[in-house]
Amino acid sequence: MNSDLKKILIVDDQIGVKDSHSYKNFMDNYRHLNYEFSFATAEEISGKYSVNSALAAIESNSDAALVLLDIRFGPDADR
């Protein structure tokens with residue numbers, strides 16, 4: 001990506017999965033903006049999400065200008 005673009009990190013269990021419907025929909029709506037997007041799911045093991053995984057994503061993207069953090073992870077039944 002262009003290093004002149006500001007990076008936005010999105011930590012979300014649905015949008016963070018490349019090739020998912022949510023990811024494609026997000027990119028269709030926002031790829032035209034002048035930002036670099038980086039994605040993470042905060043999934044530690046299959047179906048289990050953790051604060052440590054979210055923090056690791058933030059630490060590995062420390063150059064992000066903004067972090068968008070989902071507040072509900074997992075299937076709708078868990079909400």
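Q: What makes β1 and β5 paired strands?
A: 4 bridges join β1 to β5, and the two run parallel. Strands pair if DSSP finds at least two bridges between them, so β1 and β5 qualify. Within this pairing, I8 stands opposite L66 in β5. This is a predicted model, where local features need pLDDT of at least 70, side-chain atom pairs count only at pLDDT 80 or more, and totals for chains, interfaces and linings use all residues. Residues are numbered from 1 along each chain as its sequence is written, and side-chain values use heavy atoms, leaving out hydrogens and water.

Q: Why are β2 and β5 called edge strands?
A: The open sheet has 3 strands in the order β2-β1-β5, with parallel pairing. β2 and β5 (66–69) each have a single partner strand, so one side of each lacks a neighbour in the sheet. Strands here are DSSP runs (E, at least two residues), and helices are runs of H or I, at least four residues, numbered from the N terminus.

Q: Which residues of helix α1 are called buried?
A: In α1 (residues 21–30) they are Y23, F26 and M27. Buried means under 20% relative accessible area; exposed means over 50%, with partly exposed in between (1.4 Å probe, protein chains only).

Q: What do the buried residues of α1 pack against?
A: They pack against β1 (6–11) and β2 (35–40). Contact means heavy atoms within 4.5 Å.
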